[in-house]
Amino acid sequence: MTGASGAILGVRVLMALGHLNVETHLIMSNGPGTRSTPRSSAGILQSYINYAQHVYDIDDMEAGIASGSFRIDGMIVVPCSMKTLAGIHNGLSRRRLVLVTRETPLSEIHLRNMLGVTRPGAVVFPPAPAFYTGQTSVDGLVNRSVARMLQLFDLYTKGAESCDLGYGNVN
Ligand SMILES: Cc1cc2nc3c(=O)[nH]c(=O)nc-3n(C[C@H](O)[C@H](O)[C@H](O)COP(=O)(O)O)c2cc1C
């Protein structure tokens, strides 16, 4: 998870993966949107940590998943900042990679970086709300987005549609 806004997407992905009994490993960046703004303090950070099975410090070079030989099915960066998008653009791995990029409007540099990660196989998935589905709540829109993200990993869940954070707004 990066310092882009949209923490609710990351938390909800972790919750949905938990429903599916998928093993999860979480790394949070040091971006200001992740760590030090009022809206991302205490409650949200605690949610990340509660719902992830393994949590690593961003600087932990000895974390298992820092090794290229660590077996994973894929990685989802959610929410994904433009800064992390730019960083990943220059160093892709071969595993399935989905970037839930949250920014608007998109500059030429953003678009070039998106094209750059897409060509070797990553998927750029802006969490654009599916307005046509008749969802009337932010929760409903978020859950539909999360379900679509997980489909990219061949994961299908009803849990993603129904799980509830249990507390107020998360930006
Ligand atoms: C409240 C807040 C919201 C932000 N939202 C976004 C966002 O939606 N998209 C984005 O690309 N950057 C956003 N940023 C800027 C990133 O946090 C910043 O570029 C950071 O350096 C990203 O670093 P990281 O990718 O290592 O987390 C936001 C910053 C703050 C403080």
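Let's start at Ser81, which sits in the loop between strand 3 (74–80) and helix 4 (82–89); helices (H or I, at least four residues) and strands (E, at least two) are DSSP runs, numbered from the N terminus. This is a predicted model, where local features need pLDDT of at least 70, side-chain atom pairs count only at pLDDT 80 or more, and totals for chains, interfaces and linings use all residues. Residues are numbered from 1 along each chain as its sequence is written, and side-chain values use heavy atoms, with hydrogens and water left out.

Is Ser81 buried or exposed? Ser81 counts as buried because its relative accessibility is 13%; buried means under 20% relative accessible area, exposed over 50%, and partly exposed in between (1.4 Å probe, protein chains only). Beyond its neighbours within four places in sequence, Ser81 is in contact (heavy atoms within 4.5 Å) with Thr2 and Ala4.

Now to the cores, each a set of buried Ala, Val, Leu, Ile, Met, Phe, Trp, Tyr and Cys residues joined through side-chain atoms within 4.5 Å.

| Core | Residues | Among its members |
|---|---|---|
| Largest nonpolar core | 14 residues | Leu9, Val13, Val78, Val100, Val146, Met149 and Leu150 |
| Another core, apart from it | 10 residues | Ile88, Leu97, Met114 and Val117 |

Helix 1 gives the most, with 5 residues. Helix 1 is also mostly covered, with 11 of its 13 residues buried. After helix 1 comes Asn21, with a positive phi near 55°.
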